[in-house]
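Here's a quick briefing on how this fold is put together. Have a look at the model first, then skim the points below.

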Amino acid sequence: MKCASSESAFSAAPGKKPSIFNNTDGFTADSIPPNHYNLGMDNYAVISDFGDVINVQIRKFRTDENGRIFPTKNEISFSPFMWETLSNGMHRLPLPSNLEQVIIIRNTLFLISAWIENAPCVSLQRYVTKKDFSRQFLPSVCLLTETEWYQLQCIRKKISESCKSLMFNNFLKKKILLEVSSRSPRINSQI
């Protein structure tokens, strides 16, 4: 399957840093915020930088009657490290398949291949190991169609580049603030 271009799904226009958790304005298909990648239908891969914590999210969005797109609570989120692990191996994963398969990545992410309404899908679900070594599945589940899974594979390098760029920007910002605060007593007293 050929990779569809995601250029139309990514906007590099400068603007204020959007917070997907506090986005009451939404966006339109013509003005997709930076670090949002449309996978098809209503699913997006989103790189969020909330409170200096960077996460990759596969999130379901909804469109209102005015054509504005808003995030829903249906999402799965993981660290850039976890994303890199998934990204580096996803082209070798036999997903989706005719057989129901379960693949576990880094002992925290379940990938399940299943047929839903006669269509192959990939379900992603996180689980955690508690202090008593019992395991608990997190309530959020992400379901991708076969087309969305292949689109995620096609744009995985762009998502990784966005993660690295945000991490570098955060690191650089902290270093600059530290350097400025060490040289300026006025800023030092305000921090």
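**Sheet, helices and a few side chains**

The side chains of Asn35 and Ser162 are joined by a polar contact of 3.3 Å (a pair of N or O atoms within 3.5 Å; within protein, one must be able to donate a hydrogen and the other to accept it, and residues adjacent in sequence count only if both atoms are side-chain atoms). This is a predicted model, where local features need pLDDT of at least 70, side-chain atom pairs count only at pLDDT 80 or more, and totals for chains, interfaces and linings use all residues. Residues are numbered from 1 along each chain as its sequence is written, and side-chain values use heavy atoms, leaving out hydrogens and water.

**Burial and cysteines**
- Asn35 counts as buried at 17% relative accessibility (buried is under 20% relative accessible area, exposed over 50%, partly exposed in between, with a 1.4 Å probe and protein chains only).
- Cys121 is buried at 6%, and Cys142 is buried at 3%.
- Zero disulfides turn up in the whole structure (cysteine sulfur pairs within 2.5 Å).

**Sheet**
- Four strands form an open sheet in the order β1-β2-β3-β4, with antiparallel pairing (strands are DSSP E runs of at least two residues, helices H or I runs of at least four, numbered from the N terminus; pairing takes at least two DSSP bridges).
- β1 and β4 (69–78) sit at the edges with a single partner strand each, so one side of each has no neighbour in the sheet.
- β1 and β2 (residues 43–50) pair over four bridges, and Asn38 has Tyr44 in β2 as its bridge partner.

**Helix**
- Helix α1 (residues 80–89) lies across β3 (53–63) and β4, at about 80 degrees to β4 (axes are lines fitted to C-alpha atoms, for helices over the stretch in contact, with heavy atoms within 4.5 Å counting as contact; angles run from 0 to 180 degrees between N-to-C directions).
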